[in-house]
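Student: I'd like to go through this one with you and check what each label really rests on. Can we take it term by term?

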Amino acid sequence: MAEPFLIGERMTGGYGAADILHGCTIAVEKGEIAVIVGPNGAGKSTAMKAVFGMLHLRSGRVLLDGEDITALSPQDRVAKGMGFVPQTSNIFTSMTVEENLEMGAFLRRDDISGTMEQIYDLFPILKDKRRQAAGELSGGQRQQVAVGRALMTKPKVLMLDEPTAGVSPIVMDELFDRIIEIARAGISILMVEQNARQALEIADKGYVLVQGANRFTDTGQALMQDPDVRRSFLGG
Amino acid sequence: MRNLFLFALVAVLYLGTGFFQSWNLALNILNLGLLSAIMALGVNMQWGYAGLFNTGIMGFAALGGLAVVLVAAPPEPEGWAAGGWGIMAGLAFGIAVIVAATQVYQRMRKGALRNLALFVVITVGFFAYRALFDPSVAAVEAVNPATAGNIGGLGLPSILSWPLGGVLAAVAAWAIGKVSLGLRSDYLAIATLGIAEIVIIVLKNEDWLARGVKNMIGLPRPWPVPYEVDLQQSAGFLEWAAGYGFDPVSASTIVVKLLYAALFSVVLLAVIWLSERALNSPWGRMMRAIRDNEVAAAAMGKDVTGRHLQIFVIGSAVVGFAGAMMTSMDGQLTPGTYNPLRFTFLIWVMVIVGGSGNNWGAVLGGLLIGWLWLIVESVGPGVMSVITSAMSEGALKSHLIDSAPHMRLLTLGVILLLVLRFSPRGLIPEK
Amino acid sequence: MDILNAIVAFTNFVFIPATAYGAQLALGALGATLVYGILRFSNFAQGDTMAFGTMATIYGTWGLQAMGVSFGPLPTALLALPFGILVTVGLLLATDFSVYRFYRKQKVAPTILVIVSLGVMFVMNGITRIMIGVEEQNFTDGERFVFTAREFKEWSGLNEGMALKTTQAVTIVTAVLVVAWLFWFLQKTRTGKSMRAFSDNEDLALLSGINPNHVVRVTWILVAILATIAGVLYGLDKSFKPFTYFQLLLPIFAAAVVGGLGNPLGAIAGGFVVAYSEVFVTYAWKKVIGYLVPADMAPDGLVQLMSTDYKLAVSFIILIIVLLFMPTGLFKGKSG
């Protein structure tokens, strides 16, 4: 089997002395959606941050399109084509929607109007509110701004840390639809989710983490059907 | 061991000053160094134990100075009769207006009506206050303006003013802390910077209180320090001095200064003893826990803001106490000499250089930086003229000689920056 | 009742001076608020940065005057401004490189940075005093007035005169131009936007590829420009004395806090709030009221709420009120 497009391989590390990740492997293929689920404290967000370089790895490596990027800083990974949407504080609240998108494209020196139009097509509501301060928007709209900002660099991989935390179920469905749409455009999606069931439904690949290690790895559908997974992590 | 060495080094500096300059100067510097060390101890409580940044040291020290005037200055019955009670009534009324406004604010519901009521209370209250206050002030200030013009003091022994100095500073610190603690840390710094300026402005302008810029001179000495002239006339002293072959005049000044030094040392040691005890009590451990992790301490149910207020008030009281000691040693209150660089920021340099969080560090810093500051004042111009002696007479030379005093600011700033950068825990770090 | 004369007196003694002073404070407060927004500490060296910039400009002015250059009716100091700004930019960038950068990398608590700025204040204070001394310097030249009280009386036929000092007119015009330029810069340029983004959400700004060193550098340059202009305008309008500039720290902080620390629009509003309050409270209203009420009701006293000696107290009271009732300021600043 060929190398996946993005892979964090056998990652071990943590913030302080104690390791949070223990040989954890996360990968995503081009244009696919990979979802990380698991109980609280399993190291889901930490695993994603490790892939993005926000965590020092004691061992393991991260490959993007075959290139070893383990030593790169998050900023450098953005330049390499990775987009990251943090769970909180993921927009510039005092700036307008349009300025948020412009800041997302800060590294680009070419014309960004085309990308911006694509994002407005994806999230039409943002076009209406583009002159409004992002901090004044509703929770769901803020998440759209956050995703839009990350897309402005035209990333090859988009990483989302619990994008549906704190939004209503309707907004969540809507957001997942958009995420599928983004993946169809050829962008790989790596996502951490609390709402495991809904997330696995749209996932091409699912990772169930427990205590910083892979417990189950399979396609989203297979995980949904696995009785062990259902019983332990999806509530029956 | 290292600490002993550092203190020995400072002792050598003072002894050296005594041998090579004069003992009078050395003792002068020592006394100011001891006073600065006490102030530094107060600031160290706030900064070292609680991480509070107080930039109003000058104001608290000046309040201590005011206490000396209120307690020890001779009474001015004429001045008091002219309007003393009127002034007190005016001030009481002013406080009543503030209380009333607070009540209106708390009791009434938010809205235009409340704003209107507040406006009326404050405006009417302000003019009524001025109507009560101003005539009495004018009356008091009209009594013998050349020598008095103030309400006078109580004529009590000077030493009693020291605790009052602490109390005045504590009250001011409480008010300021109440407003600005619990907000972000910068606000305390800005607010204390402000209160210090206000205290000095009040002292400069309210002639009825302490004669303003006309200065309050001739304040009595604290017990048990005698006056030099009395010593020189005392047969016992003359005999004693003659027995050792001392010149009675210089011996008397030295003895007076030594007495001050002893008195100040007693206070200094008492403050250290008390604060060491406090620091090692459960209360002290809690303070340090709060300083090291406010969030965690708050989560454990500690009243962080309340504790901060406590330590802020206590530390400021120590500064006020020392401020009173200084004024009673000087025998005069001259508001014009209070300068934030000398009284606030110099103390800060002492705390940081000495070692924040460590009482002995603060003392070392006080004595060391105090020595540096004053020795540069007395030898700086001389050094500058030696440096410039090779230069021909001219504007540049005289300019350089004139600017010698400002070198102190530059030097202190550089020392502060260097210590913060390379030895942020100071000469004697916290244990 | 003589409303027209009252308005003229009010404009002459209150409105014009307070507006000029407000503009000077606003520029100073803008500098302080920029540092707060980007570097996240209250810069105690702000007053002395203004003093340093003014001192450099004064030397430039003396140089120009010695060469016989003048700016016609306008103060020569305006021509020397670019020189003063350049020197101050150099000083601030050098300070950042040698002092602040180290602490930024350590990510120390803001209080430590405040203390560091205190050390910087000492050094700048010392440099300024060594270079120019502690005495008062008047360095304004050119025409003293745009129009004098007498010219105004002749022109209007009113009893009450109104004068507009050149320095006041220069202050207001310069402040408007500088503020307009600053807001254009912050709102429209790529660098300006990246500064706002950095101030708003540092982590996200870094994720977006914004270079923090560049942002910080530009911030210090802007601070140097604003502080020097504010200091020179204040010095032209009143006079230059290092200690006075140190004391400006209180009104400047009051202005920045009133407006909401970190908020440029707030700093401008705050500057005017503080300046107008100060002049309103310390002005003797006798004359204005005298025009408004019948002669027999004219006040005997000066009708002055507070003596001018207490003008710093006004800033302080405003500061306290803001801290008590709206710690984030009029415009939402950074957390209270």
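**What the labels rest on**

Tutor: Let's start with C:P264, which touches C:L30, C:T33, C:L34 and C:L186, leaving aside residues up to four places away in sequence. Bear in mind that this is a predicted model: local features need pLDDT of at least 70, side-chain atom pairs count only at pLDDT 80 or more, and totals for chains, interfaces and linings use all residues. Residues are numbered from 1 along each chain as its sequence is written, with chains lettered from A and ligands numbered from 1 in the order in which they are written.

Student: What makes C:P264 "touch" C:L30?

Tutor: Two residues are in contact if their C-beta atoms, placed from the backbone, lie within 7 Å. C:L30 is one of the residues that C:P264 touches.

Student: And why is C:P264 called buried?

Tutor: A residue is buried if 20 or more other C-beta atoms lie within 10 Å of its own, exposed if 12 or fewer, and partly exposed in between. C:P264 has 26 C-beta neighbours inside 10 Å, so it counts as buried. C:P264 is found in helix 12 (residues 264–282) of chain C; helices here are DSSP runs (H or I, at least four residues), numbered from the N terminus.

Student: What makes a nonpolar core a core?

Tutor: It's a set of buried Ala, Val, Leu, Ile, Met, Phe, Trp, Tyr and Cys residues joined through C-beta atoms within 7 Å. The largest one here has 280 residues, and A:M159, A:I189, A:L190 and C:A26 touch the most other members. Helix 2 (residues 23–50) of chain B gives the largest share of this core, 17 residues. There is also a second, separate core of 10 residues, with B:F133 and B:W208 among them.

Student: Which residues does C:A26 touch?

Tutor: Not counting residues up to four places away in sequence, C:A26 touches C:A175, C:A255, C:A267, C:I268, C:G271 and C:F272.

Student: Which chains share the most contacts?

Tutor: Of the 2 pairs of chains in contact, that's chains B and C. Their contact takes 34 residues from chain B and 37 residues from chain C. On the chain B side, helix 7 of chain B brings the largest share, 12 residues. That side divides into 21 nonpolar, 8 polar and 5 charged, where Ala, Val, Leu, Ile, Met, Phe, Trp, Tyr, Cys and Pro count as nonpolar, Asp, Glu, Lys and Arg as charged, and the others, Gly among them, as polar.

Student: How far apart are the closest C-alpha atoms of chain A and chain B?

Tutor: They lie 17 Å apart, and no contact joins the two chains. Chain A does meet chain C, in a contact of 17 residues from chain A and 13 residues from chain C.

Student: Why is helix 3 of chain A called roughly perpendicular to helix 7 of chain C?

Tutor: The axes of helix 3 of chain A and helix 7 (residues 190–200) of chain C come within 10 Å and cross at roughly 100°. That makes the two helices roughly perpendicular, a label for 65 to 115 degrees (under 35 is roughly parallel, over 145 roughly antiparallel, the rest oblique). Axes are lines fitted to C-alpha atoms, for helices over the stretch in contact, with angles from 0 to 180 degrees between N-to-C directions.

Student: Which residues meet there?

Tutor: A:E99, A:E102 and A:M103 meet C:K193, C:S194 and C:A197.
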